[in-house]
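Open the model in your viewer and get ready to select a few side chains. This short tour goes from one stop to the next.

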Amino acid sequence: MSHSLQGDTVPAAEGIPPGRGAMRTLRLLAGNVVSLLATDVANRMSTFILYLLVGRYLGTYAFGQMTVGLTLFHAFRVIAVTGLKTLITREVAADKSKTASLLVNGVGAALLSSAVSLLAMLALTLLMGYSAQTTAVILLLALGLIPSALMAISEAVFQAWEKMHYIVYANVPANGFKVVVAVVLLARGYGLYPLILVLDLAFVLAAIIEWWWVVRRISAPQSSFSLHQSWLIVRQATAFLGINLILAIRTSLNVVLLSKLATEVEAGLYNAAMQFALPLLLISESVGVAIFPVMCRGFESGLGVLKRLSESAIELLQMVTLPFVVGLFILAEQALRLVYGVDFLQASDSLRILIWSEIFRVFTQVLGRVLWASEREKLSLQIVAANTLLWFVLGLVLI
């Protein structure tokens with residue numbers, strides 16, 4: 001059964017249809033990949049530019065403070081989103097008549113979970129005993145959790161309707177605002193705190209623009225709000241929450257361990273090396289998110305469609321990943337000196353080790369979504385939980 005919005009036909013549940021329908025599907029898929037890639041480029045490259053500016057204007061210690069703050073923010077953002085983005089994408093992609101109801105009750109769920117996340121981030125920050133300056137940076141960043149959670153609901157609807165270009169329309173101007181204001185502030189001698197407030201304002205601006213496009217182009221949240229329905233949505237999303245939370249813990253684990261067992265400077269150097277994997281991460285995540293709605297529909301026809309989609313995506317991504325990894329392994333010092341300056345050259349060995357993991361990330365980005373689309377998210381949860389436990393043990397021993 002196909003769905004439509006203002007004349008745009010969504011591919012049928014049987015998978016990718018033959019002939020002209022297949023070409024239309026491929027064009028739609030390519031357009032969504034480009035839209036998501038553009039969004040991720042805007043989001044992550046603006047953050048990368050901020051890191052670069054902080055490193056050059058404020059030094060390695062401020063760079064480390066920002067690293068710790070943003071790492072915790074992204075980890076607790078997972079709690080704020082509560083797996084709602086993936087759940088709502090899957091539910092709306094399968095039945096678009098649920099859009100209005102999931103919008104209004106999804107907002108209720110997002111507000112509840114983001115409030116819990118903000119309090120938990122505050123508690124952990126105080127428990128960790130960071131310096132007063134680092135604590136202030138973290139708490140200022142926590143203010144961005146609520147608009148960030150609201151963005152997850154609107155973006156889930158855009159992804160389900162395969163109208164992902166509206167995400168670009170919101171994120172590109174918000175990130176442009178963030179970078180321009182940051183350059184002006186740092187050039188005039190302002191410190192890290194005003195820069196963090198600019199990040200919060202950018203989240204608010206992006207959330208306002210996205211919801212304006214949702215109401216204008218997709219659906220107004222006309223259904224009546226129900227606290228019970230919001231709670232049911234949260235409960236249904238718990239498996240996705242578990243998966244994303246464990247992944248967030250694994251991603252942030254080394255930064256947190258370094259910041260406590262060493263200093264914020266070591267955490268910053270580790271993050272400086274990790275930032276070079278950004279282009280590959282942008283591409284792999286964009287492809288994975290773009291094919292997810294198609295996978296959800298294709299699962300109804302059997303595993304053949306999922307197999308073809310995943311094999312093609314993996315082949316495409318590895319064609320980009322392998323040359324990039326080899327090149328960066330050879331040119332690690334030159335890349336660090338060019339981007340951050342000579343103070344960051346001591347991160348070159350970390351960069352040479354970390355970059356090889358991007359080859360395996362390709363498989364997790366694609367095959368993880370195969371499990372989600374085939375309603376095996378609990379198996380995915382078990383896999384990432386075991387992996388994170390191993391990550392934690394090795395991190396304690398090696399650091």
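Start at helix H16, residues 357-373. Select Arg361 and Glu358, which sit three residues apart in this predicted model. That spacing places the two about one helical turn from each other. Now show their side chains. Arg361 and Glu358 form a salt bridge, and the closest N and O atoms are 2.8 Å apart. Which of the two is buried? Glu358 is, at a relative accessible area of 4%. Arg361 is partly exposed, at 25%.

Next, look for shared partners. Zoom in on Arg90 and Glu91. Their side chains meet in a salt bridge, 3.9 Å from N to O. Arg90 counts as buried, with 14% relative accessibility. Glu91 counts as partly exposed, with 23%.

Now select Lys85 and Glu155. Here the side chains meet in a salt bridge of 2.8 Å, N to O. Where does each partner sit? Lys85 lies in helix H3, residues 84-94, while Glu155 lies in helix H6, residues 145-160. The two are 70 residues apart, and the pair links distant parts of the chain. Check the surroundings of each end. Lys85 is partly exposed, its relative accessible area being 24%. Glu155 is buried, at 7% relative accessibility.

Finally, zoom out to the whole model. How many salt bridges does the structure hold? The count is five, and the Lys85 and Glu155 pair is one of them.

Terms used:
Residues numbered from 1 in each chain as written. Predicted model: local features only at pLDDT ≥ 70, side-chain atom pairs only at ≥ 80, totals over all residues. Heavy atoms only, no water. Salt bridge = Lys/Arg side-chain N within 4 Å of Asp/Glu carboxyl O. Helix = DSSP H or I, 4+ residues; strand = E, 2+ residues; numbered from the N terminus. Buried < 20%, exposed > 50% of the residue type's maximum accessible area, 1.4 Å probe, protein only.
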